[in-house]
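Work through the exercises below with the sequence and the model side by side, and try each task before reading its solution.

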Amino acid sequence: MGSTVTHAPAAGVGTPAPQGSGPPPADPASDLAPHPAAARERRDRRENLAGYLFMSPWIAGFLLLTAGPMVASLYFAFTDYNLFDSPRWIGFENFTEMFGDPRWRHSVSVTLWYVVIGTPLKLLLALGVALLLAQSRRGQGFYRAAFYAPSLIGASVSVAIVWKAIFSDGAVVDRAQSTLFGVDVGGWIGDPAWILYALVALTVWQFGAPMVIFLAGLKQVPRELYEAAEVDGAGPWRRFWSITLPMISPVLFFNVLLETIHSFQIFASAYIVGGGAGGNACGPADGSLVYTCYLYVQGFENSRMGLASAMAWMLLLAVAAVTAVLFWSQKRWVHYEEAAR
């Protein structure tokens with residue numbers, strides 16, 4: 001008898017393949033669905049594009065009004081340029097002439113004297129008033145607004161004109177000091193030795209902005225520290241020196257940095273208050289010849305824009321150096337709460 005051979009049917013022809021024996025068949029609809037990573041990438045790209053569109057006015061303003069003029073002034077600093085003829089490259093001649101100019105050195109000394117006197121007095125007054133306003137009293141909101149108001153209007157041209165009239169010969173200040181103290185200087189504006197102090201008085205009068213910042217810092221000092229110090233018998237001065245100053249030292253550093261930079265940039269008040277006094281654009285006998293005022297004279301009155309650009313870059317480097325020194329010194333006297341933990 002012959003043997004019968006039986007062949008198993010091939011998988012997929014007539015008999016379904018067992019489960020788990022191979023990959024599942026591809027779903028045609030799955031090929032049409034977007035990949036999650038690709039969809040996320042397209043969404044991020046659209047969001048970034050929208051962000052750049054919203055930022056484009058600022059970017060255009062920065063490139064056209066800030067970065068572009070800075071690059072141009074850096075080039076002009078090494079040229080002989082008078083706004084009418086084409087710039088002519090002269091290398092470091094502008095800087096050599098600048099350092100050898102006795103009037104430029106005088107402007108540097110006047111500016112430094114203004115910064116050294118005006119900035120500390122302004123901050124001391126701002127801190128003192130902030131300490132008074134930090135206490136709860138009736139009409140507190142009115143006093144805060146009244147003390148802050150000079151910072152809003154103090155930088156205006158009209159206030160500078162009024163200030164010039166107040167400190168002129170025979171004006172209110174001149175009559176008051178003659179009557180009360182018997183001192184007759186003929187007005188601060190016309191005296192080279194006194195006109196700078198009129199500018200210092202104007203900047204000290206505008207103490208409202210640092211006062212508000214000091215007031216915000218004082219509100220963050222925990223009252224428990226003062227209560228514990230009172231229990232230990234610490235007096236008001238001891239509490240101020242050991243608690244208040246260390247706790248508000250970051251705010252104090254911010255105000256010192258900001259007001260120092262602003263003092264180096266003084267121009268409008270010096271030019272308006274001292275303008276025309278003694279026939280000089282920057283005060284009689286250059287009494288109020290601050291750095292930016294002399295820069296304006298060289299650039300726009302003498303039409304020496306190349307030299308003015310060199311002076312502007314020297315001011316930028318000086319402010320950057322002072323800022324670097326302040327940041328370096330903060331490690332010794334600024335106390336941050338995070339660092340103490």
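This is a predicted model: local features need pLDDT of at least 70, side-chain atom pairs count only at pLDDT 80 or more; totals for chains, interfaces and linings use all residues.

Residues are numbered from 1 along each chain as its sequence is written, and side-chain values use heavy atoms, with hydrogens and water left out.

**Exercise 1.** Locate the salt bridge between Arg 45 and Glu 41.

Solution. Start from the definition: a side-chain nitrogen of Lys or Arg lies within 4 Å of a carboxyl oxygen of Asp or Glu. The structure holds five such salt bridges, and in one of them Arg 45 and Glu 41 meet at 3.2 Å, N to O.

**Exercise 2.** Determine which parts Lys 122 and Glu 259 tie together, and whether Glu 259 is buried or exposed.

Solution. First, the closest N and O atoms of Lys 122 and Glu 259 are 2.9 Å apart, which forms a salt bridge. Lys 122 lies in helix α3 and Glu 259 in helix α11 (residues 249-264), so the pair ties together parts that are 137 residues apart in sequence. Finally, apply the cut-offs: buried means under 20% relative accessible area, exposed over 50%, and partly exposed in between (1.4 Å probe, protein chains only). Glu 259 is buried at 6%, and Lys 122 counts as buried at 9%.

Terms used
Helices (H or I, at least four residues) and strands (E, at least two) are DSSP runs, numbered from the N terminus.
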